[in-house]
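Subject: Structure handover

Hi,

Here is the structure for you to look over. Please open it first, then read my notes below.

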Amino acid sequence: MLLYEPERFGADHYLEYAVQRDFVFPLHLHRSFECVLVTEGELLLLADGRELRLRAGEAAFFLSDRPHGFGGGRFRMVTVIFSPDWVQPLTAAAAGRRPVTPVFRPDQAPVPLGERELTLLRGMAERPLSLQEQLTVSGVLELLSAAFLSQTQLIPDPYAGDGRLLDRLLVQVSAGFTDPEFSLRTVAKTLGYDYCYLSRYAARALQMPFIRYLTQCRVAYAAELLRKEGCPVTEAAARSGFSSIRACSDAFKRVLGCPPGVLKRKEQTDAPSAESSAQICTLQEEPL
């Protein structure tokens, strides 16, 4: 599954900070920059169509709209998500380019950077900052981006020059995927792009064919209808944009490994109590 996170839209001076353990999260993308630093154990990282293993002391940096995910492991990591305006030199250097690898070691940069420096951001995230605090945040993030730039190579990306095309494309998908007639040709006509170009662009930006992403959106929505609303499978399939029950069932098997009816019965049988659900959520993130 690939998730689009519009709430992390890269608005000016956006800042988010978290400390997590043994965290699993599917492929996702957003316009903000993101840096993760592993401080204990080993993290399985999904990025650029590859599986990478980050060990203690290693970090990964993700530019805008770069799909990435966390595949699990036994680890502790610090995550900082922030808007590009915090690090203007990196934003300018990365225009029209992409990194060969997102992985780097902050402690091997010209100015070594580690968890101690990142913890200066703790408590500053998601609240108004004084001028002095803004300077502190800017300084730490500038060091972080400089460490990344010193250890990676930025190469030309032929599809990066289209600015916010990916956001516009994903907004169209979010608004239209429940229509069985919706397709990439619909998006190309709406946005005024050549279909073949948009098909190549989407496959590269999403790291999968557009039809696979569209199917994932429909499966995810149908699964939510089954879980949260208890909809019959026929209703969930129709409301999610599938042309038939057969198409819905085949898509569920490809994406989730089981047909929708089996998923619904399993959810009804295994549904945790509200108390246990809260405990599960609490375990994923350490308090700041």
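A nonpolar core, as I use the term, is a set of buried Ala, Val, Leu, Ile, Met, Phe, Trp, Tyr and Cys residues joined through side-chain atoms within 4.5 Å. Buried means under 20% relative accessible area. Note that this is a predicted model.

**The cores**

The largest nonpolar core has 30 residues. Phe-61, Phe-82 and Leu-141 make the most contacts inside it. Five elements each supply at least two of its residues: β2 (15-21), β4 (33-47), β6 (59-62), β8 (75-82) and α3 (131-151). Helix α3 gives the most, with six residues. Take Leu-141: leaving aside neighbours within four places in sequence, Leu-141 is in contact with Val-80, Phe-82, Trp-86, Val-87 and Leu-121.

**Helix α6**

Helix α6 covers residues 195-206, twelve in total. From first C-alpha to last, α6 reaches 16 Å, close to the 16 Å expected at 1.5 Å a residue. Which residues of α6 are buried? They are Leu-198, Tyr-201, Ala-202, Ala-205 and Leu-206. Seen down the axis of α6, these fall within an arc of 105°, so they line one face of the helix. An α-helix has 3.6 residues a turn, so residues three or four places apart point the same way. What covers the buried residues of α6 includes β1 (2-4), β3 (24-29), α4 (165-176), α5 (184-191) and α7 (210-229).

Now the ends. Asp-194 caps the N-terminal end of α6, with a side-chain oxygen 3.1 Å from the backbone nitrogen of Cys-196. After α6 comes Gln-207, with a positive phi near 60°.

**Helix α7**

Helix α7 has 20 residues. Its first and last C-alpha atoms are 28 Å apart, close to the 28 Å expected at 1.5 Å a residue. The buried residues of α7 include Phe-210, Tyr-213, Leu-214, Arg-218 and Leu-226. Just after α7, Gly-230 takes a positive phi of about 65°.

**Confidence**

The protein chain averages a pLDDT of 85, and 89% of the residues score at least 70. Confidence is highest in strand β10 (residues 103-104), at a mean of 96. Confidence is lowest in helix α11 (residues 274-284), at a mean of 29. Over residues 272-288 the pLDDT is below 50. Beyond near neighbours in sequence, this stretch has 14 contacts in the model. Where pLDDT is low, the predicted coordinates should not be read in detail.

Best wishes

Conventions
Residues numbered from 1 in each chain as written. Predicted model: local features only at pLDDT ≥ 70, side-chain atom pairs only at ≥ 80, totals over all residues. Heavy atoms only, no water. pLDDT = per-residue confidence, 0-100. Helix = DSSP H or I, 4+ residues; strand = E, 2+ residues; numbered from the N terminus. Contact = heavy atoms within 4.5 Å. Buried < 20%, exposed > 50% of the residue type's maximum accessible area, 1.4 Å probe, protein only. Expected span 1.5 Å × (residues − 1). Arc of directions from axis to C-beta. Polar contact = N/O pair within 3.5 Å; in protein donor to acceptor, adjacent residues only side chain to side chain.
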